[in-house]
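Hi,

Here is the structure I promised to pass on.

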Amino acid sequence: MRAFILITFHHLNRRIVIGDIHGCQRTLKKLIESKIKPEKDDSIYFVGDYIDRGPRSREVLDYLLNLKEKFNIFPVKGNHEDLFVKAFSDDNYVPAWFQNGAAETLLSFDVPESKLNDYEALRYIPEEYIHFLSGLPYYYDLKDYIIVHAGLNLTAPDFFGDTHAMLWSREIKGINLLNEGTCIIHGHTPMPIITIKPNLARKETRNLNIDAGCVYKDLPGYGMLAALDMDSRKLYVQENID
């Protein structure tokens, strides 16, 4: 009698991190549902900048809130979310937010164009969105990876306390001080996808930028939304369809 051995393959829970979205909801949906295809035990991280510049900021937030009900999602706060939140409590931040794409976000909330230059336009934003973005953390420390929006100032005595660097920095200060075996994943500074890919192939890389400039689809080499499987280093890429 021949014996049969049944071999079963279990899905390994993936840790996926997604780059800057900037109001490109259709692109995000396509990336997640057609390419990543998450299962309920996967963890999906986001490096921030969900709003501004692109045409569907509200839809992006709605999509994230919906994902939160189905999957393990872990979004960090980007500089655009920070400006958004601060604009509601301090009028001094409103001009800075408008310089960074607030008009597109307000239009996605059906604010009339005639009111875009009026501070009263902010009243069109429902409280649930302000609450959601206000509560976002600045980083996630996974030990082998640190996920943050912009960068870290590792020369600071408490580098996790330097929130300005985490939101706005264009560099990782003191990268040589980072614990061995730890890599920083971030966005904030758009890069062509052909620049991002070679970095993933180098296991010794301690600094991974996955912002492929999704919203800048008219610039050669940009216009992509990237996602990274942190364990396999597999890169998922979706061209902007918004």
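Let me start with W97: leaving aside neighbours within four places in sequence, W97 is in contact with I51, D52, H80, L83, F84, A87, A102, T105, L106 and L122. Contact here means heavy atoms within 4.5 Å.

Before you read on, some housekeeping. This is a predicted model, where local features need pLDDT of at least 70 and side-chain atom pairs count only at pLDDT 80 or more, while totals for chains, interfaces and linings use all residues. Residues are numbered from 1 along each chain as its sequence is written, and side-chain values use heavy atoms, with hydrogens and water left out.

Back to W97. Together with I18, L28, F46 and Y50, W97 touches the most other members of the largest nonpolar core, which has 43 residues. By nonpolar core I mean a set of buried Ala, Val, Leu, Ile, Met, Phe, Trp, Tyr and Cys residues joined through side-chain atoms within 4.5 Å. Buried is under 20% relative accessible area, exposed is over 50%, and partly exposed is in between (1.4 Å probe, protein chains only). Helix α2 (residues 57–70) gives the most to this core, with five residues. Another core, of 19 residues, lies apart from it and includes Y145, I147, L208 and A226.

Next, helix α3 (residues 79–87). Helices (H or I, at least four residues) and strands (E, at least two) are DSSP runs, numbered from the N terminus. Eight of the nine residues of α3 are buried, so this helix is largely enclosed by the rest of the structure. Those eight are N79, H80, E81, D82, L83, F84, V85 and A87, and they pack against α4 (94–99), α5 (102–108), α6 (127–134) and α7 (163–168).

Not counting residues up to four places away in sequence, N153 touches F159, D162, A165 and K173.

Last, the sheet: four strands form an open, mixed one in the order β4-β5-β6-β7, with β4 (139–141) and β7 (207–209) as the edge strands. Strands pair if DSSP finds at least two bridges between them; β6 (residues 183–186) and β7 pair in the parallel sense over three bridges.

Cheers
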